[in-house]
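Hi everyone, thanks for coming. I'd like to take a few minutes to walk you through one structure, so do have a look at the sequence and the model as they come up.

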Amino acid sequence: MSEAAPPPADRALDLVVDAGQTLLENGGEVFRAQQTMEIMAQSLQVRDFNVYVLTNGIFASARSAGGAPLSRVRHVPLVSIHLGRVEAVNELSREVAAGQLDAAGARQRLEEARALDPTTARAEQVACVTGCACFAFLFGGAMPEVLTAAAAGLVESLLCQQFGRWHINRIFTNIVAAWLSTLLALGVRALLPALNVDTATIGALMVLTPGVALTMGIRDILNADYLSGAIRLLDAVLVAGSLACGVVLAWLTARNFGGLVW
């Protein structure tokens, strides 16, 4: 049986770039996306393939069979993490490298991976409530702090989902979410003076902290990808700063309305 002919260079390049874009859009690391694209390009016999991947962009070039230059540029906005899609693309790349999939089969598998259902709104709410309650307990909270943090988690989840539908800036969303969560804890303490506001507030805010961005930024820097690492670390600092602003605004609001004793 003769070996299958390589796909046209433009189609193969589109497939490779689409795979890298899918990884970045769903939480894949920069170095992993670049490595996956290089492996797929080599397996699909893309000539003179070069790629530069950033946190929110992909720049790739290659040559057609006739020597004509080809290039692709993709903007990759930051979206929610979907590790199921990341795993599906990783499995796809392994099968392409092993020669188990041709370009047509890889394209079909990639579309299937991109079409995987996202997490439902109800599941996100349950996860947020559970996470806030567990963090409050982890930081030494009793039942009042745990329940307050869980209620704040529900408020945060509903707010973030609604603001996401309205395409409101994430920094402003985090400020408002932190403000409401802290106000909720302060309001509960007005009814229940024994409540530890700090524990309840910290538990509620932990699910909003930029742990993924911070971790991936450090990994990018350790992999000598300083620009992508700096972008992710700056994103983490901005998110953390917005949460701090929301907490301060809530305490000032409560103080102005006489709901907080200094």
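This is a predicted model: local features need pLDDT of at least 70, side-chain atom pairs count only at pLDDT 80 or more; totals for chains, interfaces and linings use all residues.

Residues are numbered from 1 along each chain as its sequence is written, and side-chain values use heavy atoms, leaving out hydrogens and water.

Let's begin with the sheet. Helices (H or I, at least four residues) and strands (E, at least two) are DSSP runs, numbered from the N terminus, and two strands pair if DSSP finds at least two bridges between them. Here, three strands make an open sheet, ordered S1-S2-S3, with antiparallel pairing. Strand S1 (47-54) and S3 are at the edges with a single partner strand each, so one side of each has no neighbour in the sheet. From one strand to the next, the twist averages 10°; axes are lines fitted to C-alpha atoms, for helices over the stretch in contact, and angles run from 0 to 180 degrees between N-to-C directions. Between strand S2 (residues 57-63) and S3 there are seven bridges, and Ile58 sits opposite Arg74 in S3.

Which strands does helix H1 lie across? Helix H1 (residues 9-25) lies across S1, S2 and S3, at about 20° to S3. Helix H2 (residues 30-43) lies across S1 and S2, at about 165° to S1.

Now the rings. Rings of Phe, Tyr and Trp (its six-membered ring) pair if their centres lie within 6.5 Å, and planes under 30 degrees apart count as stacked, over 60 as edge-to-face and the rest as tilted. The whole structure has two aromatic pairs. One of them, Phe163 with Phe172, is stacked, at 6.2 Å centre to centre and 5° between the planes. Ring pairs join Phe163, Trp166 and Phe172 into a cluster.

Finally, the two residues. Gly153, in helix H6 (residues 143-165), is buried (under 20% relative accessible area; exposed is over 50%, partly exposed in between, with a 1.4 Å probe and protein chains only), at 0%. Gly153 is in contact (heavy atoms within 4.5 Å) with Cys128, Val129 and Cys132, setting aside residues up to four places away in sequence.

His82 is in the loop between strand S3 (69-75) and helix H3 (83-97), and His82 is buried too, at 15% relative accessibility. Thanks, everyone!
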